[in-house]
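Subject: Structure handover and notes

Hi,

Here is the structure I promised to pass on. My notes follow below it.

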Amino acid sequence: MGGKAFGNFGGSGRERARRRGQGQLEAQVLAALHHSPGPATAAWVQERLGDDLAYTTVMTILSRLHAKQAVTRERSGRAYVWTPAADEAGLAALRMRRVLDGEPDRDAVLTSFVSALSAHDEQLLRTLLDRDAADGPGPAENLPTADDLTASDDPAGAEEPHTAPAPGRYHPSDEARGG
């Protein structure tokens, strides 16, 4: 899986293979694991990705994916065998949650995200949220509702409840959020 050579570096006249970025390597390792018939060793993954990738690089990528909870591992003798933690959609959702968890203003991020959805995606999201609500309390059960966030919770003593604006609609708090 050698990359195309491009240009000279440092005037040496030697061409180097194009390097794969970390994200690209992670995607390739995950793809290999998804195509494995079962849990796979790092050597198996390395073999599938090509000879130009060092075993230690594959181990580093697998360890990073494990830290991100994108893969699981279990001991098999002296080595580990690796399994993807979720399908492609589940891994994309995991990445989205990590981005959201890393932001200081979740409300602003979610508001911006929802207001940028297409009509079809917005309807799909509404359907999924309605279905989740009908199935009973889930992970969102600890989130406050609009009724919970009344004027008594507001240090400024405002009379109006703090509710999120409908997607795509202006709300005075948008200015405070940079929107």
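Start with Leu-100. Leaving aside residues up to four places away in sequence, Leu-100 touches Arg-106, Val-109 and Leu-110. Leu-100 sits in helix H4. Its relative accessibility is 13%, so Leu-100 counts as buried, the cut-off being under 20%. Leu-110 lies 10 residues from Leu-100 along the chain, and their C-alpha atoms are separated by 8.1 Å.

Before going further: this is a predicted model.

**The H4/H5 packing**

Two packed helices are described by the angle between their axes and the distance between the axes. Here helix H4 covers residues 88-101 and helix H5 covers residues 106-115. They pack at an angle of about 135 degrees, and their axes are 9 Å apart. Angles over 145 degrees would count as roughly antiparallel and 65 to 115 as roughly perpendicular, so H4 and H5 are oblique to each other.

Which residues make the contact? From H4 come Met-96, Leu-100 and Asp-101. From H5 come Arg-106, Val-109, Leu-110 and Phe-113. By type, the residues of this contact are five nonpolar, no polar and two charged.

Asp-101 and Arg-106 also form a salt bridge, at 2.7 Å from N to O. Asp-101 is exposed, with a relative accessible area of 54%. Arg-106 is partly exposed, at 38%. Leu-100, by contrast, is buried.

**Other salt bridges**

How many salt bridges are there by the rule used? The count comes to four.

One joins the side chains of Lys-68 and Glu-26, at 2.9 Å from N to O.

Glu-47 is exposed, with a relative accessible area of 57%. Arg-48 is partly exposed, at 41% relative accessibility.

Gln-69 is found in the loop between H3 and E3. Its phi is near 60 degrees, a positive value in a residue other than glycine. Gln-69 is exposed, at 58% relative accessibility.

Next comes the strand pair. E3 and strand E4 (residues 79-84) pair in the antiparallel sense. Six bridges hold the pairing in the record of the model's geometry. Thr-72 stands opposite Thr-83 in E4, and Glu-74 stands opposite Val-81 in E4. In a regular strand the side chains alternate between the two faces of the sheet.

What does the turn look like? E3 and E4 form a hairpin with two residues between them. Gly-77 in the turn has a positive phi of about 70 degrees.

**The whole chain**

Now the overall picture. The protein has seven helices and four strands. From the N terminus on, the order is β-β-α-α-α-β-β-α-α-α-α. The protein has 179 residues, and 19% of them count as buried. Among contacts with a separation of 6 or more, 40% are between residues 24 or more positions apart.

Best wishes

Terms used. Residues numbered from 1 in each chain as written. Predicted model: local features only at pLDDT ≥ 70, side-chain atom pairs only at ≥ 80, totals over all residues. Heavy atoms only, no water. Buried < 20%, exposed > 50% of the residue type's maximum accessible area, 1.4 Å probe, protein only. Axes fitted to C-alpha atoms, helices over the stretch in contact; angles between N-to-C directions. Parallel < 35°, antiparallel > 145°, perpendicular 65-115°, else oblique. Contact = heavy atoms within 4.5 Å. Nonpolar A, V, L, I, M, F, W, Y, C, P; charged D, E, K, R; others polar. Pairing = 2+ DSSP bridges.
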